[in-house]
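Q: Hi! Could you walk me through the model shown here?

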Amino acid sequence: MDLPTLLPAVAFYVFAASAVLFAFMVVSARNPVRSVLFLIMTFFSAAGLFVLMGAEFLGMVLIMVYVGAVAVLFLFVVMMLDIDNVELKQGFADYMPLGGLLGAILAVELIVLGSSWAFSDTAQSARLAPMPEGGDNLGAFAGVLYTDYAFFIEAAGLVLLVAMSGAVVLTSYHKKGVKRQNIGEQVARRAEDGVTLVDVEPGQGI
Amino acid sequence: MTSFVSNLVLIAPEAGLAITALVLLVAGAVRGERAGGLISWLSAGALLLAALWVMRDAGSSAQAFNGALVFDQLASFAKIAVLISAALVLAMGNRFLRDENIIKYEYAILVLLAVVGMMIMVSANDLLSLYVGLELQSLSLYVLAAFNRNSLRASEAGLKYFVLGGLASGLLLYGISLIYGFAGTTRFDGVAAAAGGHMNMGLVIGLVFVLSGLAFKISAVPFHMWTPDVYEGAPTPVTAFFATAPKMAAIALIARLLNGPFADLAGQWQQVVIGLSVLSMTLGYFGAIMQRNIKRLMAYSSIANMGYALIAMAAGGVVGVSALLLYMGLYLITTLGLFACILAMRQGEGMVERIDDLAGLSRTRPGLALSFSLLMMSIAGLPPLAGFFGKLYIFMAAVDQGLLWLAIYGAVLSVVGAFYYLRVVKIIWFDDPGPAFVAPSATLSLTAGAAAFFMLPGALWLLPALERWAQAAAAALS
């Protein structure tokens with residue numbers, strides 16, 4: 001086997017093995033902060049796999065969005081929560097039989113699915129469709145994202161709008177009696193508004 | 001470029017509602033909390049205008065955005081039903097929200113955006129638009145459920161709905177990914193071509209996952225756990241919204257999905273739908289017997305009613321879908337009327353929700369008592385009220401497709417259902433009166449009265465018109 005075919009194969013096995021290994025570490029690590037760090041490693045391995053498959057844009061998005069934003073957010077949340085490991089592990093034995101049963105059912109389903117693995121003809125032809133000629137991933141995305149898929153982009157924008165206004169509705173409180181800044185009022189304020197001159201008789205209060 | 005413009009013309013009702021929501025959002029942010037009532041009325045008006053627009057274009061059939069959306073009779077039927085129920089809910093809920101002091105302009109805007117999501121759902125011709133529409137709708141509904149954030153029950157309802165809804169979305173997405181993997185496309189016609197080929201296990205498993213996710217949205221057993229708590233905890237106008245528009249949208253979506261791309265797998269999904277149907281009818285009716293809260297009663301009633309709708313879904317084909325749409329149309333009218341009555345359950349010191357609070361309503365508010373009883377008897381399926389004919393069409397469709405035992409089971413169970421519906425009627429007419437309710441607003445009286453009138457045998461001449469419309473809508477699927 002010559003080098004140009006050997007190298008991608010080696011890279012694939014390295015990335016695939018590390019993805020599985022780190023994913024296992026995510027669920028087995030005792031410390032939640034370590035779990036998140038292993039999650040980041042899993043994302044990196046998956047991004048490597050994407051690049052190997054020629055989907056470099058997806059790989060970069062995975063690193064930028066999931067590692068850069070989502071995992072860091074997880075890390076902050078995990079660090080801020082006071083998680084007691086001992087308390088978390090309690091009840092593990094109680095849930096074990098049911099959880100194990102569900103896991104077994106899912107595993108059987110996956111095996112059935114895998115053993116009957118047959119793409120339909122249409123799937124086969126869609127898989128064989130070549131990448132757009134003469135362009136990289138980004139160019140190919142740019143060509144369709146705001147034309148063929150414009151509707152989905154706009155609809156997804158509405159979903160984000162709902163998420164944003166929903167968060168505002170559910171969390172923003174307008175407390176009464178809190179002094180707020182009003183720049184116009186503050187600038188327009190004059191000495192006469194704030195100071196009252198009182199003629200106080202000697203020996204008496206106001 | 002011309003094709004893009006023609007696409008925009010096709011989605012004008014959806015786009016118009018989305019733009020209205022944006023404009024009203026800005027208006028609300030500028031005017032502040034005081035604008036809540038006005039924005040509710042403006043939104044209701046916008047919904048009615050959109051319904052008129054859809055009605056104008058009904059009858060034509062077209063696709064937009066490279067087949068992402070389809071505009072046919074079925075979509076028009078479901079959209080008009082969704083738009084009118086949402087507008088009525090907004091009009092009915094205004095006074096409740098003002099009296100409970102939770103009126104905010106975001107309420108109407110979230111309803112508008114949820115309706116846009118539902119319109120995308122019923123027009124979906126691609127798994128992507130299905131998912132985006134569903135998420136737009138669900139996300140708005142989660143926020144609406146928790147809208148009264150000073151109430152512990154509402155917050156609990158919102159959280160429960162959100163967590164379980166997230167799980168359902170996960171199931172749905174997993175199913176969609178399987179279908180995409182085996183069909184190679186998300187377009188419904190492509191999926192139909194793949195399903196028409198040789199028997200494909202992956203497609204079937206994907207379909208079952210998608211059906212589970214959608215069954216959550218129509219609260220079919222065993223995906224119903226959230227329903228009673230959310231119905232009870234959410235503010236009553238929001239509950240009225242949950243019980244009507246989203247159910248119609250999800251049912252129309254399931255009908256299109258099963259009879260369109262997966263028509264060739266009918267033998268596979270029919271068993272699943274029958275299972276959901278039998279479980280929903282059984283649990284819905286037996287669970288309702290013990291309820292003391294009218295909103296929980298309505299939750300179990302909607303579970304049972306979805307079970308009946310699923311009988312027609314299982315029958316499938318034009319006969320099944322037209323019976324399904326007719327039943328859903330009657331269900332929407334009855335439910336809107338019933339919630340108008342429930343919203344009128346206000347005593348001097350605030351809203352009451354116990355069924356016992358209705359005692360002796362016939363003597364304190366005879367008009368309301370009459371509407372309430374007629375609607376209850378109609379939803380129980382007593383002849384000669386309109387609800388009876390809705391069930392009759394469903395049983396006829398089931399017998400037509402060789403599901404005689406399912407029709408008999410449904411008919412037997414409706415006797416159990418009649419027990420608790422009629423118990424409410426008995427409490428209204430024969431128990432000793434309690435404190436009288438304050439006078440309901442004109443919108444509530446009108447809605448309850450009109451819905452009750454529609455149930456009367458004298459209004460049966462309206463039924464054939466609805467039936468013709470449902471048949472034309474169902475024919476769009478074949």
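A: Happy to. One term to begin with: helices (H or I, at least four residues) and strands (E, at least two) are DSSP runs, numbered from the N terminus. This is a predicted model, where local features need pLDDT of at least 70, side-chain atom pairs count only at pLDDT 80 or more, and totals for chains, interfaces and linings use all residues. Residues are numbered from 1 along each chain as its sequence is written, chains are lettered from A and ligands numbered from 1 in the order in which they are written, and side-chain values use heavy atoms, with hydrogens and water left out.

Q: Which element of chain B gives the largest share of the lining of the second largest cavity?
A: That is H15(B), with 4 residues. A cavity here is a set of points, on a 1 Å grid over the protein atoms alone, where a 1.4 Å probe fits but cannot get out, and lining residues have an atom within 4 Å of a point.

Q: And what lines the second largest cavity?
A: The lining consists of B:Asn305, B:Tyr327, B:Leu330, B:Tyr331, B:Thr334, B:Ser378, B:Ile379, B:Gly387 and B:Lys391. Besides H15, helix H17 (366-380) and helix H18 (386-400) of chain B give two or more residues. The volume is about 80 Å³, meaning the space filled by probe spheres set on the points, with grid points joined across faces, edges and corners.

Q: How many cavities are there of 30 Å³ or more?
A: The count is 3. The largest has a volume of about 100 Å³, and 13 residues line it, with B:Arg95, B:Leu343, B:Ala344, B:Arg346 and B:Leu444 closest to its centre. Helix H4 (residues 73-99) of chain B supplies the largest share of that lining, 4 residues.

Q: What does B:Leu17 touch?
A: Leaving out residues up to four places away in sequence, its partners include B:Ala46, B:Leu83, B:Val115 and B:Met119.

Q: Now charges. How many salt bridges over all chains?
A: There are 17, each being a side-chain nitrogen of Lys or Arg within 4 Å of a carboxyl oxygen of Asp or Glu. In one of them, B:Lys160 pairs with B:Asp229, with the closest N and O atoms 2.7 Å apart.

Q: Why does that pair tie together parts that are 69 residues apart in sequence?
A: Because B:Lys160 lies in helix H7 (residues 152-183) of chain B and B:Asp229 in helix H10 (residues 226-233) of chain B. B:Lys160 is partly exposed at 30% relative accessible area, and B:Asp229 is partly exposed at 24%.

Q: And B:Arg296, buried or exposed?
A: B:Arg296 counts as buried at 19% relative accessibility. B:Arg296 forms a salt bridge with B:Asp229 at 3.2 Å between the closest N and O atoms, and another with B:Glu232 at 2.5 Å. B:Glu232 is buried too.

Note on methods
Contact = heavy atoms within 4.5 Å. 1 Å grid on protein atoms, 1.4 Å probe; cavity = no way out; pocket = protein on both sides within 12 Å on 5 of 7 lines; lining within 4 Å. Buried < 20%, exposed > 50% of the residue type's maximum accessible area, 1.4 Å probe, protein only.
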